[in-house]
Amino acid sequence: MDQPVVVITGASSGIGEATARLLADRGTRVVLGARRAERLDAVAAATGAVARVTDVRRREDVAALVDLAVETHGRLDVIVNNAGVAHVEPLDSLDVDHWDEMIDVNLRGVLHGVAAALPVFRRQGAGHVVNVVSTSGLRIVPGQAVYAATKNAVRTLSEALRQEAGPGLRVTAVSPGMTVTELVAASGADPETVAQGQTRMDEIGIPAEAIARAIAFAIGEPAAVDVGEIVVRPTAQG
Ligand code: NDP
């Protein structure tokens, strides 16, 4: 594929930012979305990308991001549904607002990406959906019930989409393990919980570039090669 056009959600930090930088270095035209305008603009400036402030919880925002890609570059080859939030807490916390947020961003946000990109892919006869899920959905541990549930919901819909897709559409689910990003800090948890999570992340976490390389691998394969699932975790992760 000559210079594919790739939309990335959650591109203002972490895995999304690393993916934007890696793909741009390889000549890919990236179109970036996230909520923090300043951070997003900085990544866009560094990568020569176009960007739009996007809250994936809002269907119209994600549709506008995809429109921006098509208006700017005339097509869309890949959408990387990467935006996500994680609240690690037992179900006994009954923090329904946090549950709602994870459902809205991690699941509904991905559905909004599919709803925006699928008609474009169908029109073109080709396209690629890359969903960033998590090893949290592979090894379920206490405290991650809702987070893992949202990620496994996306794993499920990725497989269903793959089966419905037909020959022109590729679907990839990428499962990162512990990766050094702002995910823990962004959770807004109490300082002690953030410090604990951050310590673990700093001890064993792998760089976001490792996940970016996995995403770039899936995208870079020939159109007839559909990379379904990739799991990338620290060697030290149990
Ligand atoms: P970061 O917190 O660094 O990045 C998350 C990104 O998502 C940010 O760019 C943030 O931007 C964006 N985001 C959050 N909420 C919204 C929203 N409502 N609308 C649009 N963008 C949003 O963490 P990661 O890079 O780690 O997270 C990326 C993905 O990787 C997530 O889906 C996460 O669940 C997954 N993951 C991460 C792991 C890890 O160990 N780090 C492990 C497994 C999976 P902004 O705040 O500007 O909107």
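This is a predicted model: local features need pLDDT of at least 70, side-chain atom pairs count only at pLDDT 80 or more; totals for chains, interfaces and linings use all residues.
View 1. Between the C-alpha atoms of Lys 151 and Asp 226, which stand 75 residues apart along the chain, the separation is 20 Å.

**View 2. Packing of helix H4 against helix H5.** Helix H4, which covers residues 96-124, packs with H5 at an angle of about 15 degrees, and the axes of these two helices are 8 Å apart. H4 is therefore roughly parallel to H5, since angles under 35 degrees are counted in that way. The crossing in which H4 passes H5 is right-handed. On the side of H4 the contact is made by Trp 99, Met 102, Ile 103, Asn 106, Leu 107, Val 110, Leu 111, Val 114, Leu 118 and Arg 122, while H5 brings Val 146, Tyr 147, Thr 150, Lys 151, Ala 153, Val 154, Leu 157, Leu 161, Glu 164 and Ala 165. Sorted by class, the residues of this contact between H4 and H5 are 15 nonpolar, two polar and three charged.

**View 3. Thr 135 in the loop between S5 and helix H5.** The loop that holds Thr 135 lies between S5 and helix H5, the latter spanning residues 145-165. Thr 135 has a relative accessible area of 7% and is buried, because the cut-off for that word is under 20%. When residues up to four places away in sequence are not counted, Thr 135 touches Ser 175, Pro 176, Gly 177, Val 231, Arg 233 and Gln 237.

**View 4. Leu 94 in the loop between S4 and H4.** Although Leu 94 is not a glycine, this residue has a positive phi of about 50 degrees. Leu 94 is located in the loop between S4 and H4, and with a relative accessible area of 60% the residue is exposed.

**View 5. Packing of helix H1 against helix H8.** Helix H1, residues 14-25, and helix H8, residues 208-220, pack at an angle of about 55 degrees, with 8 Å between their axes. The two helices, H1 and H8, are therefore oblique to each other, and their crossing is right-handed. From H1 the contact takes in Gly 14, Ile 15, Ala 18, Thr 19, Leu 22 and Leu 23, and from H8 come Ala 208, Glu 209, Ile 211, Ala 212, Arg 213, Ile 215, Ala 216 and Ile 219. Ten nonpolar, two polar and two charged residues make up this contact of H1 with H8.

**View 6. The largest nonpolar core and the place of Ile 215.** The largest nonpolar core has 34 residues, and those that touch the most other members are Val 6, Ile 8, Val 30, Leu 32, Val 80, Ile 215 and Ile 219. Two or more residues are given to this core by each of strand S1 (5-9), H1, strand S2 (29-34), helix H2 (37-47), strand S4 (78-81), strand S5 (127-132), H8 and strand S9 (229-232), and H8 gives the most, with nine residues. Ile 215, its neighbours within four places in sequence left aside, is in contact with Ile 15, Thr 19, Val 80, Val 130, Val 132 and Val 174. Apart from this core lies another, of 29 residues, which includes Val 7, Val 31, Ala 83 and Ala 116.

Notes: Residues are numbered from 1 along each chain as its sequence is written. Side-chain values use heavy atoms; hydrogens and water are left out. Axes are lines fitted to C-alpha atoms, for helices over the stretch in contact, and angles run from 0 to 180 degrees between N-to-C directions. Helices (H or I, at least four residues) and strands (E, at least two) are DSSP runs, numbered from the N terminus. Angles under 35 degrees count as roughly parallel, over 145 as roughly antiparallel, 65 to 115 as roughly perpendicular and the rest as oblique. A crossing is left-handed if the near helix is turned anticlockwise from the far one by less than a right angle, and right-handed if clockwise. Contact means heavy atoms within 4.5 Å. Ala, Val, Leu, Ile, Met, Phe, Trp, Tyr, Cys and Pro count as nonpolar, Asp, Glu, Lys and Arg as charged, and the others, Gly among them, as polar. A nonpolar core is a set of buried Ala, Val, Leu, Ile, Met, Phe, Trp, Tyr and Cys residues joined through side-chain atoms within 4.5 Å. Buried means under 20% relative accessible area, exposed over 50%, partly exposed in between (1.4 Å probe, protein chains only).
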